[in-house]
Amino acid sequence: MFMMVKEFLNSFFRIIPVLIVSFVGIIVTQIISSKWKKVYILQSIFISLPGFAIGVTGIKFAQNYVFRIFGIVLITIGVAFIAVAVACGVFKYKKDKEETV
């Protein structure tokens, strides 16, 4: 049981650096986007980074019997992050395309 709790805490400590890099990247791309409008691909990548990290953690938890439901929830949250990132990128691309036409 102690090993499961240790694995649970270690996985969250792996997610924290990814979240920090992602949020810094989002802020940097927002600053860049004020000067260069076509950074929606970079923004999508930085928005989807936490989704990948959360999804990988969810897969690890889903393999463990005790945290299976929590793992499935984390996988769902990860997929939602990635879907939002793609949707934001497509929306910004279409908006920029309409403005240039």
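What follows is a short chat about a predicted model of a protein.

Colleague: What is the mean pLDDT of the protein?
Modeller: The mean is 78, and 89% of the residues reach 70 or more. pLDDT is the predictor's confidence in each residue, from 0 to 100. Because this is a predicted model, local features need pLDDT of at least 70 and side-chain atom pairs count only at 80 or more, while totals for chains, interfaces and linings use all residues. Residues are numbered from 1 along each chain as its sequence is written, and side-chain values use heavy atoms, with hydrogens and water left out.

Colleague: How many helices and strands?
Modeller: Three helices and zero strands; these are DSSP runs numbered from the N terminus, helices being H or I with at least four residues and strands E with at least two.

Colleague: Which element has the lowest mean pLDDT?
Modeller: Helix α1 (residues 2-33), at 75, whereas helix α3 (residues 68-100) has the highest, 83.

Colleague: New topic. What share of the residues is buried?
Modeller: Of the 101 residues, 28%. Buried is under 20% relative accessible area, exposed is over 50%, and partly exposed lies in between (1.4 Å probe, protein chains only).

Colleague: And Val5, where is that?
Modeller: Valine 5 sits in helix α1. Its relative accessible area is 37%, so Valine 5 counts as partly exposed.

Colleague: How do the contacts split by sequence distance?
Modeller: Taking contacts (heavy atoms within 4.5 Å) between residues at least 6 apart in sequence, 61% join residues at least 24 apart.
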